[in-house]
Amino acid sequence: MNTLKIAGKFLDQPILVEKFRKAMPAVLVAGAAVYSVHEINKAPEKHKKKAAIRTLSTMAFTVGSALAAPKITDKVFKKEMPKSIKELQNNASGLVSEFLTNNFVDKKTSAILEKAKTKILKYSELKTLFKKFEHNTNGKNLLNKLIPDPENVTSKEIFSEIGRLSLFGLIPVAGGIAGGIAGDMITHNHWKKRVPDKIKEGSYQYLANIFLCNIGAGAALGLMEKCKVTSKAHRALGMIGGILVTGVIGGSAIANLIGNKIINPMFEDKHQKHMHKHKALFEERRPEPLDIGLHTDDIATVAVMSGLKWIEPALPLMYSISGYRAGIGYRNGGHCGDSHIK
């Protein structure tokens, strides 16, 4: 049993995953509060009140929609709801009790298994169990029931999973835009002029940092499924390659093209439309370090599609970054978001 696999099993303990899921709202709200205070303090003194209203409105809508996203997507795609910690403990207790009744183990192993009924095991304790049951079929079966192995997504499930994750990411982006507009309506007389930047940034965030990356990962996964690639490591690397092609490399170009050719003309007068005909592809919105950093949520996509359980509770936090940037209408080709506008 290698160290990496034990680490994966440790993180995928059902009770640990469920506790992480339950802790995520507090983590997300706390992070949003800290960042909001930072943004408000950064504003000039005479504009702090307006900055506070815009920031808090955008953040509240983003965080609220991000926390609602898992329930909405699970309902839309009819995914089984997560079991409660009590249900998980009852299930683990039954499995362990049945095993101990029919199998003899030493006191140390028995104590670890008794702990596994209701608590999270330490990495060292899991390592002990895997070493103990290395040549014990019944022990291996018990561990696989307590902490199920990741399941490879099949070709039939790929498009459903892409759709689910894409809707999951869309909800916080839409929430961020709605929150940003609401804040502008309260603080700015000409709030309508600020709407296009939010929509353009939202489309950029969603297409470049979420949707197209999901498409790339899914397409790569489908190809590997046809080629009968079963190795989880090879499938993960293939999906990362798909993300690099469609998201990191091509996503920004596609998002800018859609912004320039479709979204911009919807909000511009004749003179502005003429100016955009001569606009370079990346003149309005260039990829930057944080955009590349946002692709950490694509590694999460790979993990989810690879069957890992522990990463999904973190998706609301990751997608909230895109939602907030959409809400402030961040554009790096001229100005940098609402916090810089009086």
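Which handedness does the crossing of α1 and α6 have? The crossing of α1 and α6 is right-handed, where a crossing counts as left-handed if the near helix is turned anticlockwise from the far one by less than a right angle, and as right-handed if clockwise.

This is a predicted model, in which local features need pLDDT of at least 70 and side-chain atom pairs count only at pLDDT 80 or more, while totals for chains, interfaces and linings use all residues. Residues are numbered from 1 along each chain as its sequence is written, and side-chain values use heavy atoms, with hydrogens and water left out.

## Overall make-up

The chain has 15 helices and 0 strands; helices (H or I, at least four residues) and strands (E, at least two) are DSSP runs, numbered from the N terminus. Of the 342 residues in the chain, 46% are buried. Buried means under 20% relative accessible area, exposed means over 50%, and partly exposed lies in between (1.4 Å probe, protein chains only). Among contacts in the chain with a separation of 6 or more, 76% join residues 24 or more positions apart, a contact being heavy atoms within 4.5 Å.

## Helix pairs

The axes of α1 and α6 come within 10 Å and cross at roughly 120°, which makes α1 oblique to α6. Axes here are lines fitted to C-alpha atoms, for helices over the stretch in contact, and angles run from 0 to 180 degrees between N-to-C directions. Angles under 35 degrees count as roughly parallel, over 145 as roughly antiparallel, 65 to 115 as roughly perpendicular and the rest as oblique. On the α1 side the residues in contact are Thr3, Ile6, Ala7, Lys9 and Phe10, and these meet Tyr123, Leu126, Lys127 and Phe130 of α6.

For α2 and helix α15 (residues 315-327), the axes come within 10 Å and cross at roughly 30°, so α2 is roughly parallel to α15. α2 passes α15 in a right-handed crossing. Met24, Leu28, Tyr35 and Glu39 of α2 meet Pro316, Leu317, Ser320 and Tyr324 of α15.

In α5 the buried residues are Thr109, Ile112, Leu113 and Ala116. They lie on the same side of α5, because they cover an arc of only 100° around the axis; the arc is that of the directions from the helix axis to the C-beta atoms. Their cover includes α4, α6 and α7.

Helix α7 (residues 137-146) has Gly139, Leu142, Leu143 and Leu146 buried. These residues cover an arc of only 95° around the axis, so they are on the same side of α7. The face of α7 turned away from this buried side carries the exposed residues Thr137 and Lys145. Cover for the buried residues of α7 includes α1 (3-11), α2 (14-42), α4 (85-102), α5 and α6.

## Single residues

Lysine 117 is in the loop between α5 (107-116) and α6 (123-132). Its relative accessibility is 15%, so lysine 117 counts as buried. The side chain of lysine 117 makes a polar contact with the side chain of glutamate 114 at 3.0 Å. A polar contact is a pair of N or O atoms within 3.5 Å; within protein, one must be able to donate a hydrogen and the other to accept it, and residues adjacent in sequence count only if both atoms are side-chain atoms. Leaving aside neighbours within four places in sequence, lysine 117 is in contact with Ile15, Gln89, Ala92, Ser93, Val96 and Ser97.

Alanine 51 belongs to helix α3 (residues 48-76) and is buried, with a relative accessible area of 8%. Not counting residues up to four places away in sequence, alanine 51 touches Ile40 and Ala43. Between alanine 51 and glutamate 39 there are 7.9 Å in space, C-alpha to C-alpha, and the two are 12 residues apart in sequence.

Most residues other than glycine have a negative phi. Lysine 78, in the loop between α3 and α4, has a positive phi near 50° and is exposed at 76% relative accessibility. Lysine 228, in the loop between α9 (195-226) and α10 (232-249), has a positive phi near 60° and is exposed, with a relative accessible area of 70%.
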